[in-house]
Amino acid sequence: MLRFAITILVVITSSSCQKYGCLEGDTQKLKPGPEPNMQECSLYSKSSCCYADFTEQLAHSPVIKVSDSYWNRCGQLSKSCEDFTKKIECFYRCSPYAAYWIHPNDSAAIQAVPLCQSFCDDWYEACKDDSICVRNWLTDWEWDKNGENHCKDTCIPYREIYANGTDMCQSMWGESFKVSESSCLCLQMNKKDSIAIKYLLSKSSEESSSSSSSSSEERACQNKLLKFEKLKKKEGEQTR
């Protein structure tokens, strides 16, 4: 009876987290809310799953350590590589949508978050000449008694660990991310995500949607994205 009750509680907790709350973790809130004083991750300042003080760890470059994880075990990351690493960290810690892709067996983890191919390719280009000693940042470190990460193997360039952007996106964080076949129904870790999220949530709410409805959502997303880009271009011209 107790096991049954615990199972029900886990299901309810996971469902509630997925629909209303945040991932479980030492830096996440129970529910997202505004954080106007964020020093980094400002993309999520209007509705954040992390507290503003967490972002102080990411505010200065080079970033050395986030929580108990060191980023510099193979030397400081280049600024361009660090910027992409921050985007991933900000999404996981702060995005109010991260819990939508909650891992079914771990309420502190994400699974199969769809990333745009262009984002993964750009991320790979930014980091390929930096060095790393693990393929999977979640499982391949050696952790000491203080919970800090250390290399097990020799540091080598990213380009020797990962074949390309797809390989990196789908390996570095384990099952956390996947490369989307769509160029619009995917995340880029920028303001355009607000458009993709709208259609991604709508698409996932209809588990049995047909390929024709998926194509319709793709077209609608592309049209909305085109309008967004035109608006941003117009705003840019007006500020010159």
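**Disulfides, core and loops of a predicted model**

Me: How far apart are the sulfur atoms of C74 and C155?
Reply: C74 and C155 form a disulfide with their sulfur atoms 2.0 Å apart. A disulfide is taken as a pair of cysteine sulfur atoms within 2.5 Å.

Me: Which parts of the chain does the pair link?
Reply: The pair links distant parts of the chain, 81 residues apart: C74 is in the loop between β4 (69-70) and α2, and C155 is in the loop between β10 (149-150) and β11 (156-157). Helices (H or I, at least four residues) and strands (E, at least two) are DSSP runs numbered from the N terminus.

Me: What should I keep in mind about the model itself?
Reply: This is a predicted model, in which local features need pLDDT of at least 70 and side-chain atom pairs count only at pLDDT 80 or more, while totals for chains, interfaces and linings use all residues. Residues are numbered from 1 along each chain as its sequence is written, and side-chain values use heavy atoms, with hydrogens and water left out.

Me: Back to the cysteines: how many disulfides are there in the whole structure?
Reply: A search of the whole structure finds 9 disulfides.

Me: Which handedness does the link of C120 and C169 have, and why?
Reply: The disulfide of C120 and C169 is left-handed because the torsion about its S-S bond is about -110°. This pair also links distant parts of the chain, with C120 in helix α3 (residues 117-127) and C169 in helix α5 (residues 165-169), 49 residues apart. The sulfur atoms of C120 and C169 are 2.1 Å apart.

Me: Are C120 and C169 buried or exposed?
Reply: Both C120 and C169 are buried. Buried means under 20% relative accessible area, exposed means over 50%, and partly exposed lies in between (1.4 Å probe, protein chains only).

Me: What does the disulfide of C133 and C151 tie together?
Reply: The torsion about the S-S bond of C133 and C151 is about -80°, so this disulfide is left-handed. C133 lies in the loop between β8 (131-132) and β9 (142-143) and C151 in the loop between β10 and β11, so the pair ties together parts that are 18 residues apart in sequence. C133 counts as buried at 5% relative accessibility, whereas C151 is partly exposed at 27%.

Me: Changing topic, which residues touch the most other members of the largest nonpolar core?
Reply: F91, Y158 and L187 do, in a core of 61 residues. At least two residues of this core come from each of α2, β7 (113-115), α3, α4 (158-161), α5, β12, α6 and α7 (211-238). Helix α2 gives the most, with 7 residues. A nonpolar core is a set of buried Ala, Val, Leu, Ile, Met, Phe, Trp, Tyr and Cys residues joined through side-chain atoms within 4.5 Å.

Me: What is F91 in contact with, leaving aside neighbours within four places in sequence?
Reply: F91 is in contact with Y44, A98, W101, I110, V113, F177, L187 and M189. Contact means heavy atoms within 4.5 Å.

Me: And why is α2 described as largely enclosed?
Reply: Of the 16 residues of α2, 12 are buried, so the helix is largely enclosed by the rest of the structure. Among the buried residues are F84, I88 and F91, but also E82, K86, E89 and R93.

Me: What span should α2 have?
Reply: At 1.5 Å a residue, helix α2 (residues 79-94) should span 22 Å, and its end C-alpha atoms are 21 Å apart, which agrees. The expected span is 1.5 Å times one less than the number of residues.

Me: Which side chain has a polar contact with that of S182?
Reply: The side chain of E218 does, at 2.5 Å. A polar atom of the S182 side chain also lies 2.8 Å from the backbone nitrogen of L185. S182 lies in the loop between β12 (177-179) and α6 (193-204), and S182 is buried, with a relative accessible area of 13%. A polar contact is a pair of N or O atoms within 3.5 Å; within protein, one must be able to donate a hydrogen and the other to accept it, and residues adjacent in sequence count only if both atoms are side-chain atoms.

Me: Where is the cis peptide bond?
Reply: The cis peptide bond joins S61 and P62, with omega about 5°. P62 is placed in the loop between β2 (48-50) and β3 (65-66).
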